[in-house]
Every structure is written in C-alpha cells, then in structure tokens.
Amino acid sequence: MPVSTSIFLAVLLVYNLLFAIFVIFFEKRSPASTWAWLMVVALLPYVGSFIYLIIGFEARKHKTFANKAKEDKRNIDGIMTLDINGLRHFNEQGVIMNRASILSKESYEDLNDLVCLNFSSGTGALTFDNETELFFEGSEKFERLFEDIRGAKSFIHLEYYIFRNDKLGKRLLRELIEKARQGVEVCLHIDGMGSARVPKFIFREFKEAGGRLAVFIPPRFIRLNYRNHRKIAVIDGKLGYIGGLNIGDEYLGEKKRYGHWRDAHMRICGQAVKELELRFCLDWNHTSKYKIVPGDKYYPDVRFEGNVPIQIVSSGPDTKWPSVYQSYLKMISEAEHSIYIQTPYFIPDDAMLELLKIAALGGIDVRIMIPKNPDHPFVYWANTSYLSELVPAGVRCYEYKDGFVHSKLVMIDNKFMSVGTANMDVRSFKLNFEINAFVYDEKTTRVAVNRFLDDIKQCELFDQASIAGRRWYEKVKEAFSRLISPLL
C-alpha cells in the first residue's frame with residue numbers, strides 16, 4: 001500500500017476516534033442512542049462519521065430551533081395580549097382555556113392532571129365546544145376536505161409533511177388554484193425532505209394564481225432528522241383537520257407496494273380549530289417571508305354547538321419538553337381497564353416499555369397493532385423485537401395484514417384518546433415536529449375503538465408461538481434492528 005494512502009487512512013481513523021469522543025462527551029443523548037451511533041462509527045470507520053453528520057447530528061440546540069422557540073413564545077404571548085375573540089384565557093388553576101373551565105364532568109375530573117400536563121408541557125389550551133368526525137380511509141377524508149375547500153370564503157391554510165406530484169397532489173393543487181383565483185388566501189406549507197421529490201414547476205400556476213408556498217428546511221440542507229411531520233388543514237378558522245394522512249396516492253390505497261391504506265384523521269369544528277390555526281401560523285411565520293399577522297380574520301368569533309373537549313398539543317425540537325411523548329406516558333399510566341395502540345412504528349424507550357408491562361401484568365387489557373407489511377424492514381424487525389418483550393407480560397399484539405396501517409392512535413378505557421401525527425418511536429418523540437389532538441370524549445373514542453377491534457379481524461396474532469417459531473436469521477435481524485432502533 002502506498003505511503004500516502006496509509007497516511008490518509010490513518011488520518012481518517014484518528015478523525016473517527018475524535019468524532020466518537022465528540023458523540024460521547026458533547027452530545028447529551030440517551031445512552032442507548034449514544035451506543036448505537038458509536039457502533040455505526042466503529043463498524044463504518046471511514047464513512048460512519050459522515051452518516052452521523054447527515055442523519056444524526058444533534059440540532060435540538062441549534063440556533064435555528066432556539067430562535068423558533070423564542071419566536072413562538074413571543075407570538076403566543078402577543079396573541080394572549082391581543083385577546084383575539086377570546087382565543088386564550090387563564091382559568092383559576094392557571095390552565096389556559098377557551099371560554100371554559102377545567103374538566104368538571106364527574107367521569108372526567110380524574111383527568112385534570114393530564115389536561116394540566118398538556119398545557120404545561122405542550123401549551124395545549126382545553127376547548128369544549130367541538131364537533132368531531134373521524135376518518136379511517138384516505139378517500140373519505142380527502143373528499144370531505146375538497147368539499148370544505150370549495151366552500152372556503154376567507155382563507156385556506158394547509159401544512160403537510162409529504163406532497164406528491166401524483167393524481168391526488170395535482171387534484172388538490174387544482175382546487176387550491178381555483179380558490180386562489182377567487183381571492184381566497186391560500187397558504188401551503190410542506191416539508192423540504194418529505195416533499196423533496198416534487199418538482200418546483202408544479203407550483204408555478206398555483207403561485208401565479210396568488211397562492212403562497214413555504215418549504216420547511218429545503219432539501220439543499222441534507223438533514224433527515226428534525227422534519228416537520230405535522231399535518232394540519234384549517235379553513236376560514238371554523239373547521240380543521242389533523243391526523244396521519246399526507247398528500248399522495250398511496251394514502252388512497254392506490255400503490256401496489258402498500259395496498260389498502262389504513263389511517264386515522266379527524267375533522268374538527270369548534271374552538272380547537274383556533275389552536276390548529278395558531279400552530280400553523282407559528283410554523284408558517286418561521287418558514288415564509290410572507291408573515292401572517294394575528295387578527296379576527298384568522299380567529300373569527302364563532303359560536304359552536306359541539307360538546308367534545310379537545311386539546312391540541314405540539315412537540316418538536318422547538319419545544320422545551322417532549323410534550324406528546326410525556327402525554328402518551330401519562331395516558332398509559334392513567335389507564336384502568338384498557339390500552340389500545342395502533343401505530344406503524346413501535347420503538348418505545350425503556351420508560352414506555354415498562355409502563356406497558358406493568359399495565360398488562362396488573363390486569364389491564366393492553367393491545368398493540370402494527371403493520372405486517374412494513375414500509376421499512378429494519379423498523380419492522382425492531383417492532384417485533386419490542387413486541388416479543390411485551391407478549392410474555394400479557395400484552396396482546398397484532399400484525400395488520402390487509403395492506404398498511406399508518407394510524408397513530410392511543411385509546412384509553414374507551415373514554416379518551418389521542419389522534420395525530422406522532423408515532424410510538426424516538427423520531428416522533430424527540431426529533432420531528434409533531435401535533436396531536438387529545439380527545440376527552442367517550443363517544444368519539446368508541447368510534448376509534450370499534451374500528452380498532454374490527455381491524456383485529458384483518459390481523460395475525462403475534463404471540464408466544466410466533467416468537468418461538470422465528471428462524472435464526474430472523475432473530476439476527478431482530479437483534480441488529482433492536483440495536484440500531486434509537487436511530488430509526
């Protein structure tokens with residue numbers, strides 16, 4: 001080997017060693033994540049550090065996100081000062097409410113601590129006068145959304161992680177272009193990495209019609225972590241959507257790779273829509289040069305007749321606390337009878353894993369559903385690795401076979417639930433920008449529970465026999481995937 005090559009390789013090895021020291025001592029990661037990255041750096045000595053820079057570098061304290069957090073706080077404080085149509089008020093307990101007090105119904109008063117947590121860590125105001133409609137199929141949700149878009153009079157604000165240049169994406173753009181030409185304010189916010197494949201030219205007509213586009217961290221910045229995973233739609237400040245469905249034909253079940261697509265999305269009419277609009281504006285103003293100034297246009301003084309209590313909770317690198325994660329832990333710990341979880345990615349940390357074991361061992365009906373046909377093989381084997389640990393504790397685990405299940409649902413005691421964008425994994429809990437609706441309503445929760453129980457008919461039980469029947473190479477896949485699961 002030439003001397004120059006030997007020197008070059010030696011320099012790279014020293015660089016890798018120094019980089020490993022940086023990962024250990026200067027990045028305040030969990031021990032599991034640290035060891036996983038050290039393994040990558042050790043096994044790939046010449047490229048591991050570069051992989052880390054692309055997908056692993058800890059940017060939580062990066063100036064960009066720190067500035068966004070400060071911007072968000074200033075904007076929220078400003079809105080409270082303006083008191084736009086009673087958007088936010090403090091009650092006597094110090095929890096922000098929308099013309100309402102703390103949960104007072106006898107069957108829900110034990111959830112006051114969860115309500116307080118959702119405000120304290122996630123600034124989620126509690127709203128009471130909401131009506132909800134749940135969708136479990138993309139076709140149903142999008143037909144309803146298009147109908148609402150066509151009825152828009154003032155503004156349409158959309159925020160999605162993925163936007164495809166396919167049949168659904170083109171149809172949505174046609175609808176938005178038509179409304180923009182009518183003088184309706186149309187703002188579309190997409191994630192730079194999630195929508196990286198969409199060509200810029202498809203938005204040309206949209207912009208010419210008066211529509212506005214904002215891209216969160218454009219793809220010229222190579223960063224797989226810290227993506228805006230939120231899905232928000234707000235129309236005229238009166239109705240909104242939140243859930244797991246992005247803009248793409250696969251969400252309609254029209255991609256052979258996935259087949260039938262099972263998801264969960266919710267339409268809201270009520271004061272909770274103002275909280276969705278607030279989050280959209282905070283994200284939009286951080287990304288776009290065109291700033292949305294808070295006012296009655298975006299937070300209209302509308303009275304609603306619904307009776308569903310909802311909190312909208314956001315979390316991400318721009319928040320002090322991992323709000324959705326903490327709320328999931330609290331929900332699980334509050335359970336008395338049942339815990340039903342439906343998620344495409346089940347990669348819990350030790351705290352969540354132990355809580356689920358304790359619940360099952362304590363006699364609570366714990367059921368978890370993941371897809372049998374995954375979109376990422378390493379994630380699937382990591383999923384089954386964690387399920388294998390829960391099955392002996394009495395957790396009933398299911399693999400959905402009728403296509404792909406993408407729902408992010410947590411349902412407790414048939415009484416309250418969470419639906420939104422956050423999966424049960426480290427990426428959602430600590431790396432991505434997420435948003436969930438916490439719904440304190442038995443009727444709404446039972447709709448989701450009944451669909452979950454119906455989905456079980458399309459599942460394969462993952463039990464002790466499944467674990468015992470694994471081949472040696474499947475065990476190797478599980479072990480390796482489990483080891484790198486903090487990175488997935």
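## Burial, helices and ring pairs

Q: Is alanine 382 buried or exposed, and at what relative accessible area?
A: The model is a predicted one. Alanine 382 is found in helix 12, residues 377-390. Buried means a relative accessible area under 20%. Alanine 382 is therefore buried, with a relative accessible area of 0%.

Q: How far apart in space are alanine 382 and proline 348, C-alpha to C-alpha?
A: In sequence, alanine 382 and proline 348 are 34 residues apart. In space, their C-alpha to C-alpha distance is 9.9 Å.

Q: How many residues does the protein chain have, and what percentage of them is buried?
A: The protein chain has 16 helices and 19 strands. Of its 488 residues, the buried ones make up 59%.

Q: Which residues is aspartate 283 in contact with, leaving aside its neighbours within four places in sequence?
A: Aspartate 283 lies in helix 9, residues 272-287. Its relative accessibility is 1%, so aspartate 283 counts as buried. With neighbours within four places in sequence left aside, the contacts of aspartate 283 are Lys68, Glu159, His189, Asn228 and Arg230.

Q: What distance separates the end C-alpha atoms of helix 14, and what span should its residues have?
A: Helix 14 covers residues 442-455, which is 14 residues. At 1.5 Å a residue, helix 14 should span 20 Å. Its end C-alpha atoms agree with that, because they are 20 Å apart.

Q: Within what arc do the buried residues of helix 14 fall, seen down its axis?
A: The buried residues of helix 14 are Thr444, Thr445, Ala448, Val449, Phe452 and Asp455. Seen down the axis, these residues line one face of helix 14, because they fall within an arc of 135°.

Q: Which residue has a side-chain oxygen within 3.5 Å of the backbone nitrogen of lysine 443?
A: The contact is at the start of helix 14. The backbone nitrogen belongs to lysine 443, and the side-chain oxygen that reaches to within 3.5 Å belongs to aspartate 441.

Q: Why is the pair of phenylalanine 216 and phenylalanine 433 called edge-to-face?
A: A search of the whole structure finds 14 aromatic pairs. Planes over 60 degrees apart count as edge-to-face. The rings of phenylalanine 216 and phenylalanine 433 have centres 5.1 Å apart, and the pair is edge-to-face because their planes are at 75°.

Q: How many residues apart are phenylalanine 216 and phenylalanine 433?
A: Both phenylalanine 216 and phenylalanine 433 are buried. Phenylalanine 216 is in strand 6, residues 212-216, and phenylalanine 433 is in the loop between helix 13 and strand 18. The pair links distant parts of the chain, 217 residues apart.

Q: At what angle are the ring planes of tyrosine 328 and phenylalanine 429?
A: Tyrosine 328 in helix 10 and phenylalanine 429 in helix 13 are 101 residues apart, and both are buried. Their ring centres lie 6.0 Å apart. The pair is edge-to-face, because the planes are at 80°.

Q: How far is arginine 212 from the ring centre of tyrosine 290?
A: Arginine 212 lies over the face of tyrosine 290. The distance from the ring centre is 3.5 Å.

Q: Which residue's side chain makes a polar contact of 2.9 Å with the side chain of glutamate 137?
A: Glutamate 137 lies in the loop between strand 3 and helix 6. Its relative accessible area is 16%, so glutamate 137 is buried. Its contacts beyond four places in sequence are His260, Trp261, Arg262 and Arg451. The polar contact of 2.9 Å joins the side chain of glutamate 137 to that of histidine 260.

Q: What is the phi of asparagine 414, in the loop between strand 16 and strand 17?
A: Aspartate 413 lies in the loop between strand 16 and strand 17, and its phi is near 55°. Asparagine 414 lies in the loop between strand 16 and strand 17, and counts as buried at 18% relative accessibility. Although asparagine 414 is not a glycine, its phi is positive, at about 55°.

Definitions and conventions:
Residues numbered from 1 in each chain as written. Predicted model: local features only at pLDDT ≥ 70, side-chain atom pairs only at ≥ 80, totals over all residues. Heavy atoms only, no water. Helix = DSSP H or I, 4+ residues; strand = E, 2+ residues; numbered from the N terminus. Buried < 20%, exposed > 50% of the residue type's maximum accessible area, 1.4 Å probe, protein only. Contact = heavy atoms within 4.5 Å. Expected span 1.5 Å × (residues − 1). Arc of directions from axis to C-beta. Polar contact = N/O pair within 3.5 Å; in protein donor to acceptor, adjacent residues only side chain to side chain. Phe/Tyr/Trp six-rings, centres within 6.5 Å; stacked < 30°, edge-to-face > 60°. Lys NZ or Arg CZ within 6 Å of the ring centre and 35° of its normal.
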